[in-house]
Amino acid sequence: MAAFSVARRSRGLINGLKVSFRSSGQLKHGAVAAPLLQTSLHRDSRWYSAGHLSVKERIEAKRRAALAGGGQARIDAQHKRGKLTARERIDLLLDTDSFVETDMFVEHRCSDFGMEQDKNKVTHLPEVIFYFFNIIFCLCLFCFSQDFTVFGGSLSGAHAQKICKIMDQAMKVGAPVIGLNDSGGARIQEGVESLAGYADIFLRNVMASGVIPQISLIMGPCAGGAVYSPALTDFTFMVKDTSYLFITGPDVVKSVTNEDVTQEELGGAKTHTSVSGVAHHAFENDVDALLNLREFFTFLPLSNQDPAPIRECHDPSDRLVRSLETIVPLESTKAYDMLEIIKAIVDEKDFFEIMPNYAKNIVVGFARMNGRTVGIVGNQPKVASGCLDINSSVKGARFVRFCDAFNIPIITFVDVPGFLPGTAQEYGGIIRHGAKLLFAFAEATVPKITIITRKAYGGAYDVMSSKHLRGDVNYAWPTAEVAVMGAKGAVQIIFRGKDNQAEAEAEYVEKFANPFPAAVRGFVDDIIEPSTTRKLICSNLEVLARKKQVNPWKKHANIPL
Amino acid sequence: PPNIMVGETLNLVKNVLVKLMINLLICFSSQTFDKILIANRGEIACRVIKTCKKMGIQTVAVHSDVDSSAVHVKMADEAVCVGSAPTSKSYLNMDAIMDAIRVTGAQAVHPGYGFLSENKDFAKRLAAEGVTFIGPDTHAILAMGDKIESKLIAKAAKVNTIPGFDGVVKTAEEAVKIAQDIGYPVMIKASAGGGGKGMRIAWNDEETREGFRFSSQEAESSFGDDRLLIEKYIDNPRHIEIQVLADKHGNALWLNERECSIQRRNQKVVEEAPSTFLDQDTRQAMGEQAVQLAKAVQYSSAGTVEFLVDSKKNFYFLEMNTRLQVEHPITECITGLDLVEQMIRVAKGYRLQHKQEDIPINGWAIESRIYAEDPYKSFGLPSIGRLSEYQEPLNLKNVSVRVDSGIEEGSDISIYYDPMISKLVTYGATRGEALARMEDALDNYVIRGVTHNISLLREIITHPRFISGDISTNFLPEVYPDGFKGHQLEAGKRRELLASAAALYVTVQLRSQKVLSPTPVERSHWELCVQLGEGCYAVEVVKSGNVYNVEVDGGTVEVSGQWNLASPLLPLSINGTQRMLQVNANTYTHNLGFFGLGTTPSTLLFLAAQLNSYMPEKVPEDTSSILRSPMPGTVVAMSVKPGDTVAEGQEICVIEAMKMQNSLTAVKQAKVKSVQCKPGETVGEGDLLVELE
């Protein structure tokens, strides 16, 4: 462990001295560090002709202090909480030896309330270059990691300034930003300067939205105004049991509404991934979260100027998926698991589901088809028959818009009996929330492929990336039923008060409970054997990669929020 | 003269025509039926259909509603739905099956095994409608179907029978008295029951009472006949059976033996033919007695006479199965006969084509029964699910591997039917060859979506005791007294596994770089940590091309392969030895199948592994106060109610799954806090049944 930490420290030293990316990328721990350090300093010595030694000593002293963070006692405390330090997290998230830290010398500027004597302790927000893929293509990212061991990670003006700086850099280069959040909130001692800092970050979050992917990983408390930065980013991930997101903590809640609630219940990972829908995924612990984040990152393009990434693929694009022939049960009332269809079709069963525990009646997530990243949207018949309700519409809409913003093709699997009826839904505004999903699909200009596996009823049929909303390729399985509603309901309306309902129902089923009515009108392009679905999607994506579609000029659209 | 010539020519033509007619007649005479209905499902239905196709016979499948897209339905020329999922509503539903016969005009019915195969009423009803039952006549089914009567007949036919007492038992106390008379241990089972199902062994009075209760319940629910049989239990026996084949003209053959000693809970797991244990004299004696019995009941069709054989090669008649056995393929392998074809011929009334001296023992055949069950729970508790991925060892099929299955990728294994996935049969000139092929075939068998017993099968066929032929029906409990724990990897193999996991991790990581650019900068030196079970091993990997040199656990391992990350099979060359691994990957933990083991080595960078030590341990649920269903099934009895105090080992409830009743007991003395299910309810695996305080 000792040797290990020395190695890490010397690496920090090198990085701090701004060695070029390339050479630091190939560096191997402490062994090579010493000679390089000397040459750098030798070069520096020309700049500081006199007294450079004392400056050098000061530099080193500052670095040591910076690397020590809040000190061993606080680091131990952090570990005891089951959390890693800011630097350890960066080490795990990024490729070995691949990051370059910036602003190590920045200090906070507050001298009130006894903050002065702590002045040497600064928050560490290392700017990081992450060349996980390949430096030739400049596949890099910017990352900040809040250090809870320094003033509880509270946000000072200087702290905010560092975050803003790397966000500006990221925008200039066109590379994603990952934030590892672990902060007690605003630095109260700094007052309005801290608030201004938040606002500066918010503004950058908004400006970067849709330009570069932004990901927040909440790894500790994140309360008050601070929560709005993750909320503005594209994806918010949390760590189970050790991370919290809330506007006001349990104490304030108690004093205002007299509710007794724990931190975990109020804003823990479980709450936000299953009840509120604020967070997109929860991971077991820091290590699990960071390793999964690496995997997640491989799905994303660097910016809206880049195409969806294509990774080397070992799964044959023309693989027939025989198991799909029997997946849809014969009884249309019986459920099945849409995830099984998705996993069987995508490359290597690798599906990164977004919000797996929230609004489970719709499934969204990333996968690859013949190596190319795609966004998958599917109704989930297993939960609430796969109907669309407020939460699932909003979940789906936000995902579709992310894909569209970042050139990721969308594949939609449809088995939807309609929108969920009832006062709860109507009072909650299902009309305007459902409209979001409709809006998102209609607006999207990326390649859109739709497969109707079974039911596509009513307005929900239109919404789910139908031909009418510029679906590029729309397929139906032989089990598909495209109709205004189920046979029983339809017959009750058409033949209200008549006796021969059973007969009429049979006729309706014969006429509409199959893919033909849609196919003869060209609303679906073909009725396909389920086993050929993967093959067809892959070949269509190949062609659609050339698709160019532009919406009419507008300042921005007015999505029904 | 020309007239004579013409006459001769005519004669010649006439002769040729006559010969042709005779030939045609011979051909015609080997014709059997136009259409056969198969009153079964799964692998055996498919098996019968295959032979029918070969013989040019049209086939009719029957199926329950949940089976409507099953393989046997797809294979048959016609299919008729005979009811809903429960077997009593469909595959045992004689009315519906009779209707199906009438509608389709089938001339004969092959019943397979199980279901209606030994049901005399069914055979009678068929006879009444002039439909041929492909099996023995009703009187033979009747005579052999009853355990007690069959023994009397066997005795009369001079067949060795088990010492002990035969009788109908009415009460628990009567059962105890009979057991005491015979002397413990005794075996209790339903008279009408087939195979080992419902068979219980009692070593004392208490167990006799319990066995009586269970067996009579099971007899009642499964057969509608609560009669029981109690007899002397032979310790350390082998289960060896003789295949017989008889026609309707008084001819009968014995087609050698099958060794079926490897059993769990009296159900066969691995069978082979011939047996390593029998010498030619014993084989002949057993064969002749089997034929005597067949003749005594005027048996026709294929049948099996089961014997228990003790260590001194004394053999005792156990029972006769008047149907095609599950394990018939191994007999087909060594004799070259198609038993289904023979059954169909015999049913049509043909004489046997062979004489006893024509029946060879060619080579060796082994059968492994692949079940959807968890071998780590009492050698196999049923598991259900959908076969999300399924690949039979096709690549080996050319080298004497036969897979009899009735499922395919995407099929459901449901709680309604037997959880058998397939019968994997390998054949070789010698036993060693057949065993080596079996090992290969098991390693190449891909089954995902349900838990399966391949790990157990692989352990059995590679166990020194099995290889040496030192087996008995107690093999499993003797070899694994504390239950099956999976293959125990010795240091060398563990090193191989760790090295493979590390090499796979590096391959996956490097592949993630292969985005857009075809030639990324590859890191060739990796310091990793592989977590396997409780152990954590530091690993150093040096990669050059497709070859990985892995330093691990005090040794160096060279791993190379094609590294197809999409395939479930990962053939690797490890230190020059070819090994087949199975892969089920997610991000950094891989499920690696190695020696039949489902291992989950988790590979991390050395740094990540170090930091992992700071991560809090998630507290697992205290399971001693919670009773969860170990398998999916139906609750048939709930013996406690909230507030009751249960003693350790006391029965709490009984779950029935796949026709088997399983008693769940309390692991500690406690008060019952709540009961979460009621009798008749269907429960899934892991569902909460009862909470204790």
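A polar contact is a pair of N or O atoms within 3.5 Å, where within protein one atom must be able to donate a hydrogen and the other to accept it, and where residues adjacent in sequence count only if both atoms are side-chain atoms. By that rule, eight residue pairs, both members at pLDDT 80 or more, are in polar contact between chain B and chain A. The model is a predicted one, in which local features need pLDDT of at least 70 and side-chain atom pairs count only at pLDDT 80 or more, while totals for chains, interfaces and linings use all residues. Residues are numbered from 1 along each chain as its sequence is written, chains are lettered from A and ligands numbered from 1 in the order in which they are written, and side-chain values use heavy atoms, with hydrogens and water left out.

Several elements of chain B give two or more residues to the side that touches chain A, namely strand S18 (389–391), helix H17 (491–513), strand S31 (602–605) and helix H18 (606–612); helices (H or I, at least four residues) and strands (E, at least two) are DSSP runs numbered from the N terminus. The largest share of that side, five residues, comes from H18(B).

Counted by contact (heavy atoms within 4.5 Å), 39 residues of chain B meet 41 residues of chain A. The two chains bury about 3,900 Å² between them, 56% of it on carbon and sulfur atoms, buried area being the accessible area (1.4 Å probe) that two parts lose on being put together, summed over both. Of the area that chain B buries against chain A, Arg386(B), Arg511(B) and Tyr614(B) supply 16%, more than any other three residues.

The interface of chain B and chain A also holds four salt bridges, each a side-chain nitrogen of Lys or Arg within 4 Å of a carboxyl oxygen of Asp or Glu. One of them joins Glu389(B) to Lys349(A), with the closest N and O atoms 3.0 Å apart.

Within chain A, the domain assignment gives domain 1 (58–298) and domain 2 (322–480 + 524–545), and their contact takes 22 residues from domain 1 and 14 residues from domain 2. About 1,400 Å² is buried between these domains, with carbon and sulfur atoms giving 66%. On the domain 1 side, Phe235(A), His280(A) and Phe296(A) lose the most area to domain 2, together 33% of what that side buries. Across this domain interface there are zero salt bridges, but five residue pairs, both at pLDDT 80 or more, are in polar contact.

Key:
Domains from an automatic or database assignment.
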